[in-house]
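Have a look at the fold first, then come back to the notes below.

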Amino acid sequence: MAIIGIDLGTTNSLASVWKDGKVQLIPNSFGEYLTPSVVSIEEDGQVFVGKIAQEMLLGRPRQTFREFKRNMGTDITCQAWKHRYRAEELSALVLRRLKEDAERFLGEPVTEAVVSVPAYFNDDKRCATKRAGVLAGLTVERMVNEPSAVALKHHVLEKDMERFLVFDLGGGTLDVSLVDAFENIVEIQAVAGDNYLGGKDFTQVIAEDFCRENGLSMAALTPGDQALALRAAEQVKLGLSEKNFVSRRVLLEKGEYSLEMTNQRLIRLSGGLLQRMAKPIRRVMDDSGTSWEEIDRVILVGGSSRMPVVAQYIKSICGTEVTVDDSPDESIAIGAGMAAAIKMRTGELQDVILSDICPFSLGIQVTGDRFSPIIERNETLPCSRTGFYTTVNDYQDKIHFYIYQGESLSASENLLLETIRIEVLPRPAGEVRVAVTFMYDINGILDVKISADGENWHRVITNRNMGLTQEELEDRLHTLREMTLHPMEQERNRLLVETAGRLYRECPVRYRGVIERQLSRFERELKHGNDREIREAYVRFSLFLSLAEQAVNNREETGRFDESFWVEDDTE
Ligand code: AMP
């Protein structure tokens, strides 16, 4: 049975599989590879995932969710109807859709996936990602760091021996990795990143500037208007990767406003974001003690690398050649598919070794809330290290070991993974010697062994439930099972209905009637037509909507509305 690779992205998700001697991307029901990581939940528990849900963002902002990957492993929830959903549950719905697409593509059940995660995801976020897999009916034994997946793709396809940096700026996260690739080995030497920096932040900067320039306040807009402002800002941001000046008209409830932006202005507005991008690069270089002369090139990946503002800035701070990946949206998924093939020991990839590193230090708390690392960040995995400790109080007969992950000197500012209590023979302070051994593997499983007075305590830290009892987890599984994904075969038609709803909102009021009548006609044909009539209705209505989309886009760009095609045919 095939193991699939999944890039579970902040903005889009993709699946891939090793088939016929190469990695193939798996198309969704629209024949596209990118499935927007957007989920919309109906009151009856029906769920829309992807493109349709994206169309619902404007009309149903309260029950449609995106960018939830940012909240992975936190307690932040989204409310739809009577239920609250954690990020991993919303992600599980996306994974379920990808799993179904893969099953249709392969013609067999799919039960296991290698999922990519930002290298800088901590243990909470990694465990939440694994749980999302469980909730979607997928075993996720192996996770691959996103930049490692990109490195794997480049090395397998190009077979170059080189040392390079992968700079991966996606929708919501930034990861930087230093890679050494030679023969069959892809070795990750250092990683750093920012879990809260991505394309979304540039969109937000543009939307806020638009509000300021028009005397509006983003926070005071209705959820629907906020979604419209963000959508316009996103379109302007995408436009700026093609030309230097982009303008749009934005139709909000209160009236029509103008959004104008140039790349120069965006550089001025996003100075703070750009500086944050430099930090992980510096850290990777410092941690590994590498100079620019030792690096052959920097590869930019992730959708946001397409922004000229980003590429220009990175070129200005890196002392070596900078290239933009040829398929920045797909590289991670292709690499995840290769990692899945390595795990399956399939075909040409069976001898390839991808070594990764520990992104955060692991250690224990010692006196005075001090953090004592046992495995330092950027150690190559798998690795095993031992720390030695002694008692601090006379005749103490118990020791509590608090195991933390993080980089802060104060233990309590790091992430608490586990507490282990051991019993020792009471003796004067300093006379009891305890050895604490951490073994950390490529799947993120931490094996802890504590030895004192000839006795051993052993604990494997994996798949932590993050304060959830098994019962609560079962309950979540039950809730998700009750929710049904909208059937794939009806997706094409439903997408047109939702697109019509969005265009209705976006076009001038006096033309709305045309959209409404065309939509009603399409819905009637769906209800009463036979298969051939429904297919014809689909073609006709999608043509109408693409012309409408063009007219709305032109109007947003030029302020002029081409009315010529709004003449309705009366061939009902
Ligand atoms: P990813 O998570 O790698 O799919 O990246 C998604 C992010 O890339 C989103 O924030 C998009 O707005 C951004 N993005 C995609 N294409 C472009 C483009 N042509 N210009 C600027 N940003 C883009």
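## The nonpolar cores

The largest nonpolar core has 52 residues, and those with the most contacts inside it are L165, F167, F210, M277 and I314. A nonpolar core here is a set of buried Ala, Val, Leu, Ile, Met, Phe, Trp, Tyr and Cys residues joined through side-chain atoms within 4.5 Å. For burial, the cut-offs are relative accessible areas: buried is under 20%, exposed is over 50%, and partly exposed is in between (1.4 Å probe, protein chains only).

Take I314: leaving out residues up to four places away in sequence, I314 touches F167, M277, I281, V298, L300 and V322. Contact means heavy atoms within 4.5 Å. There's also a second, separate core of 42 residues, with L8, F65, M72 and L477 among them.

## Before going further

A word on the model: it is predicted, so local features need pLDDT of at least 70 and side-chain atom pairs count only at pLDDT 80 or more, while totals for chains, interfaces and linings use all residues. Residues are numbered from 1 along each chain as its sequence is written, and side-chain values use heavy atoms, with hydrogens and water left out.

## Around the ligand

Which residues come nearest to the ligand? Of the 14 around it, they are G171, E234, K237, S241 and G303; to be near, a residue needs a heavy atom within 4 Å of the molecule. The shell divides into eight polar, four charged and two nonpolar residues. Helices α5 (199–213) and α6 (223–239) each supply at least two shell residues, and α6 gives the most, with three. Helices (H or I, at least four residues) and strands (E, at least two) are DSSP runs numbered from the N terminus.

A polar side-chain atom of E234 lies 2.5 Å from a ligand oxygen, and an N or O atom in the side chain of K237 is 2.7 Å from an oxygen atom of the ligand. On its own, the ligand has 500 Å² of accessible area, and the protein covers 86% of that. These areas come from the Shrake-Rupley method with a 1.4 Å probe; for residues, only the protein chains shown count as cover.

## Helix α1 and what covers it

Helix α1 spans residues 51–59, and its buried residues are I52, A53, E55, M56, L57 and L58. What lies over them? The cover includes β5 (38–41), β6 (46–49), β7 (64–66), α6 and α12 (491–506).

Is T290 buried or exposed? T290 is buried, because its relative accessible area is 9%. You'll find T290 in the loop between α8 (271–288) and β17 (297–301). Its side chain makes a polar contact of 2.7 Å with the side chain of S288. A polar contact is a pair of N or O atoms within 3.5 Å; within protein, one must be able to donate a hydrogen and the other to accept it, and residues adjacent in sequence count only if both atoms are side-chain atoms. Beyond four places in sequence, T290 touches R163, L178, M285 and I295.

R276 sits in helix α8 and is partly exposed, at 30% relative accessible area. Its side chain makes a polar contact with that of D194 (3.1 Å). Not counting residues up to four places away, R276 touches L174, D194, Y196 and L197.

The peptide bond from L381 to P382 is cis, with omega near -5°. P382 lies in the loop between β21 (370–375) and β22 (383–390).

E67 is not a glycine, yet it has a positive phi of about 55°. E67 is in the loop between β7 and β8 (77–80) and counts as buried, at 19% relative accessibility. D453 also has a positive phi, near 50°.

Definitions and conventions:
Ala, Val, Leu, Ile, Met, Phe, Trp, Tyr, Cys and Pro count as nonpolar, Asp, Glu, Lys and Arg as charged, and the others, Gly among them, as polar.
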